Amino acid sequence: MRLPAISLFFLLLSATTLFAESTVTVLHFSDYHSHAVPFFESGELVGGLPRLIGFLKPLARRKDTLIFSGGDMMNAGSPSWSDKYQCADWPLLNGIVDAMAFGNHDADYGPEVFERCRKSARFPILGANVIRSDGSPLFAANRKNYLVFRRKNIRIGVFAIAGDDFEKLVSPSHRPAAEARFTASASAAREVVEALKSKERVNCIILIGHEHTEDDIRLAREVPGIDLILGTHSHRKQDLEVVPGTHTYMISPFQYLNYVSRVEMHFSAGRLASIDGRLVPMDRSIREDRATLATVAKMQAALEQDLAYRSFFLPVGSASTEIATRNGVEGESLIGDFVTDVMRDVTKSDIAISAASSFRQALPPGPLRLEDLRASLPYDNKILIYRMTGASVKQLIEQSISRRGSDFFSQVSGIRFAIHDRHAEDLVVSRDGQWAPLRDDGTYTVATTDYQGKIADGYREIFAPFPPVDSGERVRSAVERRIRSGSPITAALDGRIR
């Protein structure tokens, strides 16, 4: 039987489409934290909303592209932009962003403000394990806690996960709805992956994981079938790589619009054949969007003239060099040395320790404003003092080394050590200006933040046997006094972490 010519044509066309090769480009930024204005990092001004939009807007017009936000689009307390404008900048991303993950800071101003923000954004918000009191998903489209996008002939399943630390991090008053709660990430992810595979018949699955890097890795191992994890929450800079022991790729674009993840997903005959990608720096090589630049400049000028915020933009001192965050998740950093030295000095402790997550941004060279300090240290934590055994101090250092590469790695003062084969060696402690080996049976006073002593996983368990003493000091306030009294400030790496 001969087929009519027109039927044969459509049959051949369908076969060509089915077996065609195609590429989908995925772009992703995360942990914006209201950093609409460029800031100083590694010797130049980077980031800024005008630059991000200048980069993304032309790509958003393409039919083979998906663009995602990893969440934490605001941050109460710092920068001042967040407190004044909250989500006024979200609509600037309408028509550009395809979906956003719910981050732990996105309801910092309470459920009413969050709902207003949610309505201002034309892009959906995702959080597969964010549920109402009756167990139904808070973020749902057609009763589904995921989305399916079609690009070319490819069906792409996308979902987001709130980290297992959200129950502790997000107070009831700062949740996206009054009754919202967070379920276990692994079980929620497993259910979504199964639905995307069996019901939706997607060609690939993408997770926007607003959880710590270690949890992304654990999830990739526990829930097979996730092809790509867009990392967030840990503020980690990580190029595209395969999670060891899995077929899942992962990439993470640091923070504050420093970078955008760009991933190319290549399909052949409807199957994911390969993935490649890289981090694109949002530096001076990226042309800023002019309209956004004018809008942001006008808003920033109004912010600096606002009586409620004007004092934040007055000089409090100066720095003779950039006090950089560089290498702070791997080893010693200038900002880590400077701040932990201040913590140890004001508390008269033997040792000070603070997780790299405390240090978010460099202090720029030249005049320093309170706004610069607040950006560098956005969380004005209390300083607690613990009287500990040398054996427990060594546990703290070993815990830090085990988290190397994440923002749970710690900066220190008053103690020196070498890292060898993922363990600490040659630990010495300074007392009365002299360095002596750390003794397991010795007793040492350790200054740390209330976050690290009481909340941070892995650390709070080590501190728990020792009752804390509130020093009466706060980190940022102590550093501000040092800047005011000791400018121009400076810092130099001294080999305390080798």
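A charge sits over a ring if NZ of Lys or CZ of Arg is within 6 Å of the ring centre and within 35 degrees of the ring normal. In this predicted model, the charged end of R374 sits over the ring of F312, 4.0 Å from its centre. R403 lies over the face of F408, at 4.3 Å from the ring centre.

The model is predicted, so local features need pLDDT of at least 70 and side-chain atom pairs count only at pLDDT 80 or more, while totals for chains, interfaces and linings use all residues. Residues are numbered from 1 along each chain as its sequence is written, and side-chain values use heavy atoms, with hydrogens and water left out.

**Aromatic pairs**

The structure holds 10 aromatic pairs. Rings of Phe, Tyr and Trp (its six-membered ring) pair if their centres lie within 6.5 Å; planes under 30 degrees apart count as stacked, over 60 as edge-to-face and the rest as tilted. Two of the pairs are tabulated here.

| Pair | Centre to centre | Angle between planes | Class |
|---|---|---|---|
| F39 and Y256 | 5.9 Å | 85° | edge-to-face |
| F166 and F182 | 5.3 Å | 80° | edge-to-face |

The pair of F39 and Y256 links distant parts of the chain, 217 residues apart. F39 is in strand β2 (residues 39–41), and Y256 is in the loop between β14 (249–253) and β15 (259–268). Helices (H or I, at least four residues) and strands (E, at least two) are DSSP runs, numbered from the N terminus. Both F39 and Y256 are buried, where buried means under 20% relative accessible area, exposed over 50%, and partly exposed in between (1.4 Å probe, protein chains only).

F166 lies in helix α5 (residues 166–169) and F182 in strand β10 (residues 181–182), so their pair ties together parts that are 16 residues apart in sequence. F166 is buried at a relative accessible area of 0%, and F182 is buried at 8%. F166 and F182 also belong to one aromatic cluster, together with F102, F114 and F139.

**Helix packing**

Two packed helices are described by the angle between their axes and the distance between the axes. For helix α6 (residues 185–198) and helix α7 (residues 213–222), the axes come within 10 Å and cross at roughly 45°. That makes α6 oblique to α7. Axes are lines fitted to C-alpha atoms, for helices over the stretch in contact, and angles run from 0 to 180 degrees between N-to-C directions. Angles under 35 degrees count as roughly parallel, over 145 as roughly antiparallel, 65 to 115 as roughly perpendicular and the rest as oblique. On the α6 side, S185, A186, A189 and R190 meet R218, L219 and E222 in α7; contact means heavy atoms within 4.5 Å.

**Backbone**

Most residues other than glycine have a negative phi, and most peptide bonds are trans. The peptide bond from S78 to P79 is cis, with omega near -5°, and P79 is placed in the loop between β4 (65–69) and α3 (80–85). A cis peptide bond also runs from S487 to P488, with omega near 0°; P488 lies in the segment after α14 (475–486).

R422 has a positive phi, near 65°. This residue lies in the loop between β22 (415–420) and β23 (423–431) and is partly exposed, with a relative accessible area of 45%. D432 has a positive phi near 55°, is found in the loop between β23 and β24 (434–437), and counts as exposed at 80% relative accessibility.
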